Amino acid sequence: MANLRTAMDAAFWDLNISTPQALDGVSRAVPGDSAPIDGARASKALRIQQLSLLGNGFPLGIIPSFSPSANHKELGSFALQSLLGKVVFGNWWVGLIGQFRPKKLISSIKAEFSAAEEWDLPLLKDTAKKFLDKSLYAVGLCSQIALTSSSSLLLSTEKHGEKEKRRMKAMLFHKLPDHDITLEAAWPELFIDRKGKYWEVPESISLDCSSLVSDSGLRYRFGIHKNNGLPLALDSIDRETPQSLLPGVCMKSAFSYEKSKDLWRQIETEEDVIKKTGPDQFRHRSYDIRLKEPHAAISGIMGGTCEAWFGGRKDSSQVVDINSSRAKDRGRFVADLFGSVCYTFQHGRFTKTFGDLTRLDARVDISSASALANSVYNLCRRAQSQRSPNLQSSPRLSFIFQQQVAGPIVFRVDSKFAFDSSGGRSGPQLEDLICSLNYSLRLLRSGKVVAWYAPKRKEGMIELRLFEF
């Protein structure tokens, strides 16, 4: 079924979203926005690990991606990524990622030869110099060291040739028997809002403790986060900055209770797995163990959040003259409730070559119960037109459709609709859409190679994802 845990994780600063805008393939969802669609979530495997494995199936180990370069349209959207090298020393490894955007180079060489009257040595020298244009390239360095059997330190930095500053990240992870503790810092941190627009926060630091999901379905987490510096919209469009990205320190806690109930399920038996061909027999398992049983189920999650903000208000020197009213509106202390309900239907066991998997997940998300109640109250009083719309008050309806194409190949569509009339239009509005082809890897039990494209963001990439449910 759809990953309902994002209903709580969306309130924090560490929900990873896939993006080809960064060499590590990760951006952060803006805290407080509605939960992103499942297809947008980043892989649990590091990008450098993905490239190491994916490179075995691509010519010369080069992986294509599509991402428009903000304010540098001449570079184009098409890019090629590759793992340039990796070195392992016991519990420590370091790897180097490279990226090349060919459009500008091809266009400039074409213009150079078109304008030339004859091909001579100076022309070839000028053409060779164009390969030295640093804006064509990006390079990233990533390193991880296992400090103990339960602790690890991850360091990474990347530099894009068309940008002046490099991006740096550090993460310390420690695993306890029932909790995960994470300390993260980034300079700057890349965020993506619900409209698919990117923001950079100059400094972002988080300390988070989250519990593992218990058998009862109870889960909780708490943490402290600090933003420093004014958020920058990468597309240079004057937009209202999300409140949660403004400077300040936030202490936040949340809890959730998740429950699932099967309406019906065809349990896998040995007869379903063992196939006989004459005197011989072999085990014919599903391409993905999470998709091995036809069923229909309904699941839900509900919980609450509590946060307290310090600093970054209207009188802060960092917020003066830019989005000051937004900083003022951000409450010192806020408590709220959230909830999601999902219905899942699956036909087929995903073992045969054709027609053995059709699956639909339909999910309704309410990210802020207080905002929804306030919206309903204003609607009853017919005063909604006199108030600025609260985007959190709009429920979201998400769909995941999966259909087997042939063998391990599955076509998937993730979509999300908002019931928002703030733009003057009534009815559901398409908020996000991702189309993908998934190649399930039976040897990994629940791993797959995903080639996805997001039309609203005009982005796409190829990833290796593991245990996405």
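Helix 3 passes helix 4 in a right-handed crossing (a crossing is right-handed if the near helix is turned clockwise from the far one by less than a right angle, and left-handed if anticlockwise). Welcome to a predicted model, where local features need pLDDT of at least 70, side-chain atom pairs count only at pLDDT 80 or more, and totals for chains, interfaces and linings use all residues. Residues are numbered from 1 along each chain as its sequence is written, and side-chain values use heavy atoms, leaving out hydrogens and water. Helices (H or I, at least four residues) and strands (E, at least two) are DSSP runs, numbered from the N terminus.

**The helix pair**

- The axes of helix 3 (residues 103–115) and helix 4 (residues 121–130) come within 10 Å and cross at roughly 165°; axes are lines fitted to C-alpha atoms over the stretch in contact, with angles running from 0 to 180 degrees between N-to-C directions.
- That makes helix 3 roughly antiparallel to helix 4 (angles over 145 degrees).
- Helix 3 brings L105, S108, I109, E112 and F113 to the contact, and helix 4 brings L123, D126, T127 and K130 (heavy atoms within 4.5 Å).

**The strand hairpins**

- Strand 23 (residues 428–441) and strand 24 (residues 447–454) run antiparallel, joined by seven bridges; two strands pair if DSSP finds at least two bridges between them.
- Five residues lie between strands 23 and 24 in their hairpin, and R445 in the turn has a positive phi of about 70°.
- Eight bridges link strand 24 to strand 25 (residues 459–466), also antiparallel.
- This second hairpin has four residues between its strands, with K458 in the turn at a positive phi of about 55°.
- Y453 of strand 24 is the bridge partner of C435, and Y453 also stands opposite G460 in strand 25.

Notes
Angles under 35 degrees count as roughly parallel, over 145 as roughly antiparallel, 65 to 115 as roughly perpendicular and the rest as oblique.
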